Amino acid sequence: MQTTINVRLSDIEAQNLESLCVSTGKSRSELVRDALRAYQLREALRQSQEQLAPLARAAGWLTEDDILEDVS
């Protein structure tokens, strides 16, 4: 199934999108889908961090080095 949506962009945003299309060789739709996937990933990582940070602190993991030291 495919869904079509309309997105309202400012003139500058539209120009930037067109420039990206030219420089990447991707269509506007491809770039918007890529941006949506990237946003979804960042949001999932943010939510995971929000949930896991208190547990990590409780385990004494304050830095990446703490984690590496503990699991190595």
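**First stop: a charged network**

Select Lys26, Asp34 and Arg37: salt bridges link them in a network. A salt bridge here is a side-chain nitrogen of Lys or Arg within 4 Å of a carboxyl oxygen of Asp or Glu. The model is predicted, so local features need pLDDT of at least 70 and side-chain atom pairs count only at pLDDT 80 or more, while totals for chains, interfaces and linings use all residues. Residues are numbered from 1 along each chain as its sequence is written, and side-chain values use heavy atoms, with hydrogens and water left out.

Now take the links one by one. Lysine 26 bridges to aspartate 34, with the closest N and O atoms 2.6 Å apart. Arginine 37 also meets aspartate 34 in a salt bridge, at 2.6 Å from N to O. Both arginine 37 and aspartate 34 sit in helix H2, 3 residues apart, which is about one turn of the helix. Helices (H or I, at least four residues) and strands (E, at least two) are DSSP runs, numbered from the N terminus.

Arginine 37 is partly exposed at 48%. The cut-offs are these: buried is under 20% relative accessible area, exposed is over 50%, and partly exposed is in between (1.4 Å probe, protein chains only).

**Second stop: a bridge between helices**

Select arginine 28, which is in helix H2 (residues 28-58). Which residue does arginine 28 form a salt bridge with? The partner is glutamate 18, and the closest N and O atoms are 3.6 Å apart. Glutamate 18 lies in helix H1 and arginine 28 in helix H2, so the pair ties together parts that are 10 residues apart in sequence. Draw a distance between their C-alpha atoms: 7.4 Å. Arginine 28 is exposed, at 52%. Glutamate 18 is partly exposed, at 37%. A search of the whole structure finds 5 salt bridges.

Select Ile5, Val7 and Leu9. They form a nonpolar patch on the surface, with about 300 Å² of accessible area together. Isoleucine 5 is in the segment before helix H1 (11-24). Isoleucine 5 counts as exposed, at 62% relative accessibility.

Next, select Glu64, Asp65, Glu69 and Asp70, which form a negative surface patch. Aspartate 70 is in helix H3 (residues 64-71) and counts as exposed, at 53%. Patch residues have over 30% relative accessible area and no salt bridge; like charges are joined within 9 Å, and nonpolar side chains (Val, Leu, Ile, Met, Phe, Trp, Tyr) within 5 Å. Lys and Arg count as positive and Asp and Glu as negative, with His and the chain ends not counted. Each charge is placed at NZ of Lys, CZ of Arg, CG of Asp or CD of Glu.

**Last stop: the whole chain**

Zoom out. The chain has 3 helices and 0 strands. Its radius of gyration is 20 Å, well over the 11 Å that the globule rule gives for 72 residues, so the chain is more spread out than a compact globule. That radius is taken over C-alpha atoms, and the rule is 2.2 Å times the number of residues to the power 0.38. The C-alpha trace spans about 50 × 25 × 25 Å along its principal axes. Buried residues make up 6% of the 72 residues.

How values were computed: Areas by Shrake-Rupley, 256 points an atom, 1.4 Å probe, with all protein chains shown as cover.
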